[in-house]
Amino acid sequence: MELFLGGAFQGKLEYVKSLYPESEIFDESNFEKLFDAEKSLAILNNFHLVVKNLLASYTDCYQKKEIKSENEIEKSVEEKIFRIIEKNSEIKIISDEIGSGIVPFQRSDRLWREISGRILVKIAKKSEKVVRIICGIPNRIK
């Protein structure tokens, strides 16, 4: 697994595509198809939006008190993501950095930012390579 991070519109996808031109690109609209993808040819773009979409399905349950805690939500989202990663151990994950800057006003947006960050920490620990991309320039940090 490899992780590529950076701000919005910093050339992350273009950089990863240049390294792996034969890869199939998945994103928040079709990431569940990764269960059927070829292991070495998958790029998951917009990881931060994948997390946001997964969280959206739990927000209503949380408000109705069907889910007791935010920890339950995080655990469930994390389990779904790591099932995909286990199935695709050579996956390349691209994510915007959303944890810097102003703390969001909405609790749901803060939860998204916090859960995304914690999951990305776990992904970075398990990744063979972590690269931060700024202005299209890669900087390998692991």
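The model is predicted, with local features needing pLDDT of at least 70 and side-chain atom pairs pLDDT 80 or more, while totals for chains, interfaces and linings use all residues. Residues are numbered from 1 along each chain as its sequence is written, and side-chain values use heavy atoms, leaving out hydrogens and water.

**Stop one: the sheet.** Select the strands (DSSP runs of E, at least two residues, numbered from the N terminus). Six of them form an open sheet with mixed pairing, in the order β2-β3-β4-β1-β5-β6. Strands pair if DSSP finds at least two bridges between them. Now pick β2 (24–26) and β6 (137–140): each stands at an edge with a single partner strand, so one side of each has no neighbour in the sheet.

**Stop two: β5 and β6.** Show residues 129–134, strand β5, which pairs with β6 in the antiparallel sense over four bridges. Which residue of β6 is the bridge partner of R132? Look for N139.

**Stop three: H48.** Go to helix α2 (residues 47–63), where H48 is found; helices are DSSP runs of H or I, at least four residues. Leaving aside residues up to four places away in sequence, H48 touches S95, D96, I98, W112 and S116, where contact means heavy atoms within 4.5 Å.
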